[in-house]
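Here are some friendly notes to read beside the model. Please keep the structure open as you go through the points.

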Amino acid sequence: MLGGSGVRDYGIHCVGLLAAVPPATVQRLLGGRAGRQAADRARGIDPRPVTPRALPASASVSHTFPRHTLDGAAVRAALLDLVVTLAQQLRGRGQTARGLTLALRFAGGTTWEKTRRLPEASAHDDDLRTLAYRLIDAAGLQRGRLTGMTLKGEDLVAAGQVAEQISFDGAREARLVAEEVSDRIRAKFGPGAIRPATTLLRVS
């Protein structure tokens, strides 16, 4: 609906009707500049530059364990699930991470956090998983009882700004192709449609 009385007095009460009126007539009704602008907007013409919204410089995903959990298969499965989720988010936003931060929460309220840089910016599952596992190894959990963890992609940059290195590693190239296929399946059937089998492990 259109507000104001300038055009409503002539029975023009919606954008569709305004678009059907000759621009010269709208200018006579509303005045030169206002008329031109109203006629243009009604026809979807807007010369104002579009400023893209800045993407966030970091992204994080978290997992809370249902009970205090010692280092082991369940912790690795939860971490891998965070890696896959974070990588999906980054690829979906067209971003890559230059570093990862792993934050661990323990029973009793103590925390541990460490950040490491990736060899090159990436949003690929393989690259993020390799660094995430190094981070949790660096924590030296031993008998620490975990209550939760957070994985954060740091120093994010647009994927278009990162040159993809040519790889002669056939196994890696095959995994990247599988990753692209997985992303298409998730886009069609939902983010949980396909996941690494290891992430299905549950704390016993």
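1. In what order do the elements of the protein chain run from the N terminus on? The order is α-α-α-β-α-β-β-α-β-β-α, made up of 6 helices and 5 strands. Helices (H or I, at least four residues) and strands (E, at least two) are DSSP runs, numbered from the N terminus.

2. A word on the source: this is a predicted model, where local features need pLDDT of at least 70 and side-chain atom pairs count only at pLDDT 80 or more, while totals for chains, interfaces and linings use all residues. Residues are numbered from 1 along each chain as its sequence is written, and side-chain values use heavy atoms, with hydrogens and water left out.

3. Now the chain as a whole. Of its 204 residues, 33% count as buried (buried is under 20% relative accessible area, exposed over 50%, partly exposed in between, with a 1.4 Å probe and protein chains only). Among contacts in the protein chain with a separation of 6 or more, 71% join residues 24 or more positions apart; contact means heavy atoms within 4.5 Å.

4. Please look at two helices next. Two packed helices are described by the angle between their axes and the distance between the axes. The axes of α4 (residues 73-93) and α6 (residues 170-189) come within 12 Å and cross at roughly 80 degrees. That makes α4 roughly perpendicular to α6. Axes here are lines fitted to C-alpha atoms, for helices over the stretch in contact, and angles run from 0 to 180 degrees between N-to-C directions; 65 to 115 degrees counts as roughly perpendicular.

5. Which residues of α4 and α6 meet? From α4 come V84, Q88 and R91, and from α6 come E179, D183 and R186. By class, this contact has 1 nonpolar, 1 polar and 4 charged residues. Ala, Val, Leu, Ile, Met, Phe, Trp, Tyr, Cys and Pro count as nonpolar, Asp, Glu, Lys and Arg as charged, and the others, Gly among them, as polar.

6. The second largest pocket holds about 250 Å³ of space. Its lining has 15 residues, and D125, D126, R175, E179 and S182 are the closest to its centre. The elements giving two or more residues to the lining are α4, α5 (125-139) and α6, with the largest share, 6 residues, from α6. The lining divides into 6 nonpolar, 1 polar and 8 charged residues. A pocket is an open set of points, on a 1 Å grid over the protein atoms alone, where a 1.4 Å probe fits, with protein on both sides within 12 Å along at least five of seven lines; lining residues have an atom within 4 Å of a point.

7. Is D125 buried or exposed? D125, found in helix α5, counts as buried because its relative accessibility is 15%. Leaving aside neighbours within four places in sequence, D125 is in contact with V83, V84, A87, R91 and E179.

8. T110 has 48% relative accessibility, so it counts as partly exposed. T110 and T147 are 37 residues apart in sequence and 10.0 Å apart in space, C-alpha to C-alpha. T147 itself lies in strand β4.

9. Most residues other than glycine have a negative phi. D155 is not a glycine, yet its phi is positive, about 50 degrees.

Key: Angles under 35 degrees count as roughly parallel, over 145 as roughly antiparallel, 65 to 115 as roughly perpendicular and the rest as oblique. Grid points are joined across faces, edges and corners, and a volume is the space filled by probe spheres set on the points.
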